[in-house]
Amino acid sequence: MAGNTSSDDQSDSATGVTVKPVVNAVRILRFLTASGSPERAADIARELAINPSTCFNTLRTLVAEEMLDFDPLSKTYTTGLGLAKLVEHLVTQGQRLDVVRPLMQEFAAAHHVTVTLWRRMGNDRIVLVSSETSPGDLRIDMAIGQRLPVLMGASGRLFAGKLGLDEERLRAAFDKVRWARPLGFDDYRRQVADAGAKGWAVDDGYFSAGILAIAAPVNDRAGTMAYAMSAVTFRGQHAEAEIEKLGQALRKAATKVGNILF
């Protein structure tokens, strides 16, 4: 009869309406997570006492949503990448940074640099949340928790382009920064614009004398810059063409970091 809902679709509970297809999907996800091994549709249906046809359709839907993976050869189901990403968002920042650390270590070793990750704190500061050095090389150590003016360094040139400041306010913030060597406001503004166009930025000894830093943005799922990933080395060690290649490699690595963190 039109308007009626069968007990197979939903039932009342103390907490409101329980939608049976959703319950079945959750039970399947729980079962496969606990099992940890590939399972066939018929075995899942029998174990959970779900109608075989209903179970099969639910499994197909979960595969389409990337919550499950299907192996056509063995005709079995396992938990998918989509489910892993959902769980990933529930872990703490520290746990997510632990997952990012091997990627930073790999980049540091491959390019003989120190790799740092900076997070913006409000509109006036950035803070160092992770740092990895290259093994076997002369190291540039940076202390976790170090805070800098938001405009400073290669990372600062990226954040500066995202603050939405007009020229007057940008100049006022710029004038408060103590640079290691002379830097004019017009030159800085051109460097910020260049960083926005290329997708990575350079600080050639202005943050610290003798230090070259290259940075790329780490964006969240909405495309908002949340972190900056920086490669730090000594000035004079890389030709301009090498810096260009390093900047492009860093931009790709930063994209991978964003996919992990968000």
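Residues 24 or more positions apart account for 54% of the contacts (heavy atoms within 4.5 Å) with a separation of 6 or more in the protein chain. The model is predicted, and local features need pLDDT of at least 70, side-chain atom pairs count only at pLDDT 80 or more, and totals for chains, interfaces and linings use all residues. Residues are numbered from 1 along each chain as its sequence is written, and side-chain values use heavy atoms, with hydrogens and water left out.

The protein chain has nine helices and eleven strands, taken as DSSP runs (helices H or I, at least four residues; strands E, at least two) numbered from the N terminus. Of its 262 residues, 39% are buried, that is, under 20% relative accessible area with a 1.4 Å probe, protein chains only.

One cavity of 30 Å³ or more was counted, a cavity being a set of points on a 1 Å grid over the protein atoms alone where a 1.4 Å probe fits but cannot get out. The largest cavity holds about 110 Å³ of space, the volume being the space filled by probe spheres set on the points, which are joined across faces, edges and corners. It is lined by 14 residues, of which W118, G153, F207, A213 and S230 are the closest to its centre; lining residues have an atom within 4 Å of a point. Two or more lining residues come from each of β6 (114-121), α6 (153-160), β10 (211-219) and β11 (225-234), and α6 gives the largest share, three residues. By class, the lining has ten nonpolar, four polar and no charged residues. Nonpolar covers Ala, Val, Leu, Ile, Met, Phe, Trp, Tyr, Cys and Pro, charged covers Asp, Glu, Lys and Arg, and the others, Gly among them, count as polar.

Note on methods:
1 Å grid on protein atoms, 1.4 Å probe; cavity = no way out; pocket = protein on both sides within 12 Å on 5 of 7 lines; lining within 4 Å. Buried < 20%, exposed > 50% of the residue type's maximum accessible area, 1.4 Å probe, protein only.
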